[in-house]
Amino acid sequence: MDLLNINNLRIEFPSRHGTVIAVDDVTLTVQPGEVLGVVGESGAGKSTIGNAVIGLLEPPGEMTGGHVFLKEQGIDTLSPEAKRKIRGRKIGMIFQDPLTSLDPLQTIEQQLVETINLHLKLGEKKSQARAVDLLRQVGIPDPENRIKNYPHQFSGGMRQRVVIALALCAEPEVIIADEPTTALDVSIQAQILELMRRLCKDKKVGMLIITHDMGVIADITDRVAVMYRGKLVEEGTTAKILGNPDHPYTQSLISAVPRPDVRLKRFPMVNYIEAEGERKKLLDLSTHWLGKARDYKAVQGPFISLKNLVMTFVTKPALLKHNRVTFNAVDDVSFDINEGEVFGLVGESGSGKSTVARMICSLYRPAAGEVNFLGTDLTKIKSEKERDYYRRQMQMIFQDPFSSLNGRMRVMDIIAEPIRFHKLAGSNREVEQIVTDLLDHVGLGAQAAVRFPHEFSGGQRQRISIARALATRPRFLICDEPTSALDVSIQAQILNLLKDLQEELGLTMLFISHDLPVIRQMCDRVGVMKQGKLVEVSATEDLFENPKAAYTRELLDLMPRLDSLSLEGLEVENT
Amino acid sequence: MFSFIFKRLLQSVVVMLTVALIAFAMFRFVGDPINNMVGQDTSQADREALAEALGLNDPFIVQFGRFALNAAEGDFGFSYKYRQPVSKLILERLAATLELSFVAAVLTLAIGIPAGVYTALKSKGLLSKGIMTLSLVGVSLPTFLIGILLILLFGVILRWLPTFGRGEVVALGWWTTGFLTASGLKSLILPSITLALFQMTLIMRLVRAEMLEVMRTDFIKFARARGLPDRAVHFRHALKNTLVPVITITGLQLGSLIAFAIITESVFQWPGMGLLFIQAVADVDIPIMAAYLVLIAFFFVVINMIVDILYYAVDPRLRVDNA
Amino acid sequence: MEQSLEKTRLQRIFGSDIWYSFTHNPTAIISALVTLGLIFAAIFAPWLAPHNPFDLASISIMDGNLPPAWSAGGDTNFLLGTDDQGRGVLSTILYGARISLLVGFSSVIFSMVVGIALGLVSGYVGGRTDALIMRIADIQLSFPAILIALLVDGVARGVIPSDMHTDISIYVLIFAIGISGWVQYARTVRGSTLVEKNKEYVQAARVIGIRPFTILRRHILPNVMGPVMVIATIHLAIAIITEATLSFLGVGVPPTTPSLGTLIRIGNEYLFSGDWWITIFPGITLVVLVLAVNLLGDWMRDALNPKLR
């Protein structure tokens, strides 16, 4: 008898542009004590399945076919009231963002007791005792006192533990977890996954975990179902799917996952989802505008040298200086970047890595320290005109492709803006020709110029961002988490593009990421940041094989193991 | 808690001083105060003596300081038109305005908030759609027109209710109340409905919008996913979270009732401060205008203090941040 | 990617979600038609009105207080009856709507320009400038718009010599209503600016070197205009009501160029004697106009709010 059986499920979303089939004939089963992973990229329909199982499909979504059985009882046909009684009692749910999943105005005790009492009818006293017990089980220290606290008094990781306690509080038989660790840092992700796996095995609960992250799949699941555009393309044991996938989509997906253990030359076969922008018309850089005028003078000494950088933010403003509460987002950071290398900066959220990047390109003014670029301290420059000379040689690519382009401007104007501002081309016609060439060069094609950003996918937008960054003919490119908002196969395409451009144009790069495997694929040397401080700078191979700092070792240990992933068809780079 | 209230008090003082400065500037620089006090035939010497006596030749800051101190004691000088102390004129009319505003405020909250909650929860229902459409008509009807229509219907055509004045009032010390007589209560009905209607629709629409916003949050979705019944989700979780933003705006709206009373009072010839003020505007009776401005600001500051304290009580996030 | 090349501006408008929502919402269509119809009627009042109510030669006190044409004693010359001075109510309404709309639109534009400018500066520059502008806004917000407008109007009466009153009172009114409404725009624009300026497209422009003024004009302004248009529509309704209220209270436009509010005030005196048409027809016109604009604003807010879609 299956614990949970999703049978030929079909879900449709009628819309103005016709009906979208979000889930198409999907059949899945979960056994007691088993963790089933549902993996897929955005738009695959995986979250919709979770919502449909607990009967909370968002309108206008509609189940138009199939059934859901819990221990052979059909639950999709029950009355709304009967469905409600199953939620929480038989099926628990965990959502992605712990910061918004809890009612901010009630103590966690009120929320736990309310739910326990509702389902188990234990009475106030026993419910409270059970609530404390649950908090202890999910690893919250000092539960007797912490239970009186409000959600905002817990950190993100602790809040996700509270959410798990809430999902578990009536001893459900099935737990559906929708991207439960996506909003968390790697170190906390590892702890939460470990907790979920242990609870699942101890209590013989069946778990359906929905994720886009192969690391999560490798860490926690027993079996995996792969979804692609609403369809189930492949299902099997985790070892089989990761190590020897059958379906071409799964193969493509696996090969696009950045690996912590080896460094690849390029990501192969990543054009299953979105035909990789074909870079058909490559420019002859020896004669083209983009390649010309690259005859920069060779640099004496380091290309970039940061000395004792400090950035202070005011967290509690006050009129009098000594009343202000401040904290150092970046605290005494120094490192050099050599010409032509890709320097990686890695750390968890809030470690100050993005702040360093923003100080280098003058978005922030450092509280102290020097930013030496080509031997000039940028912090000392007073006139904007003089600064423009350095700005032109230094560009940045941002994280979020949906906010990094002005939605009110055509792609032509977006990319032409830097060329016009720095007067890098003569006539308007010349500017337009350059923009078209740039679009070709990043694999978008010239037709993109007349369209608006919202007409493009995330990956395409990131290509536009890259074209805009290239439009000043920079020699230094800062990439701030350029792929962390993208699906894994799109990420692979963009990383390939960045690698190619770096090689062609001899760019120097600062590559910022929270993702160690991505860093391994991209960088020559790496700096590790923790709470505003730089704890280690090493060559990439040394960092991964031979970490010096304790914190680096810790990060590497917590990184999901992907050793079981298939290496077939991959070209490993020897260093 | 103490430092929080102290900070708010300090802000209130700053607001009051700013408003007092505006009021003083109006008093001092709009028209010539001397000309407004004496007749045409007063000699130049007498005028100068009066100016000296009133301290109009003192430095600006001294004059403002004196004005502010006097104002704090309730002394706003003499009305140009009535030749009586402004404080006396206002005090006589204060009770009328406050009683009217109070009844209107009760109506606004008692109907506006439940209607807002109802239309948010049953947003697809026929009754909700009806209420929403009516509320749009409500915000589109100028207050004075509502008054005129009510007068036409209940006063002129049906002849059920009085259409002007307060009816019989009972004096309780300096306070006169219309709550204690039948005619006083009857007289309150039309003006208070007129005054409440616009604010009511605003509050209702606001509560509805905020509630719909809260209903879309993750924690409501999570509450549903835990199997909580609708009642608990709606009232224990959604409504309380709705209240946080609603309290602020409600405070502001209730404060503006007192000022909006200007229109109602003038339609119903209600003998309150608003009527006094509108006549002062027409006659350019600056001392009354200045005093009214300061008084309204004072009411707002008091209401804002209450709102802040309520806020503090409802939202635990504030309590910890300020502890 | 091949199919849709450059779209014209018109194609973009008609292909947009906003346009789709508009054409599928009968309320929005009707209210847009009513609003446009009234604006049209007001603009072309001199040609549309059966009489010129301000041409003293053509009006006769003999025609005073005539009821509407369909009731007993009505005159087909005066479809909606006449007022005490014998002016046709229909004609005075057309001319009155002209004044109401003129004051409404002008004061909205005034508020909008002041509010957007201060909001952009406040949000982008931040610091003390922001604190100062927002404190002023807070203080002003403690007073209802109608009170501010009354005060400004009252002060203006004191400052301006009385013989100039009639000539410039309409500008005073526009200023008074306009100045009482800027806070809404400023707060909204400031809020949106704070959000937009931290978005990466603005940072990208700063990395390129674009100067603050150009960033505000080219990048931030177009992106904060959505909510501004919603506020402006709703504010137009409020401005028309405020003008009518002030005129009703007798401190608005002078009786020589009556607006809808003035007409209601004039008619109000005859309400008790049963001559209801002098008040009710201008009243209905005012409510229909304001309601249509409000419905339009309501629809626009829903259509532009991505959360509701």
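I began just after α3(A), where K121(A) takes a positive phi of about 50°; helices here are DSSP runs of H or I with at least four residues, and strands are runs of E with at least two, numbered from the N terminus. I note that this is a predicted model, in which local features need pLDDT of at least 70 and side-chain atom pairs count only at pLDDT 80 or more, while totals for chains, interfaces and linings use all residues. Residues are numbered from 1 along each chain as its sequence is written, with chains lettered from A and ligands numbered from 1 in the order in which they are written.

Next I looked up burial (20 or more other C-beta atoms within 10 Å of a residue's own, with C-beta atoms placed from the backbone), and found I108(A), L112(A), I116(A) and H119(A) among the buried residues of α3(A). The buried residues of this helix pack against α4 (124–137) and α6 (156–168) of chain A, together with α10 (230–267) of chain B.

For the A–B contact (C-beta atoms, placed from the backbone, within 7 Å), I found 24 residues of chain A against 20 residues of chain B. On the side of chain A that touches chain B, α3(A) gives the most, with 4 residues.

Notes:
Contact = placed C-beta atoms within 7 Å. Buried ≥ 20, exposed ≤ 12 C-beta atoms within 10 Å, placed from the backbone.
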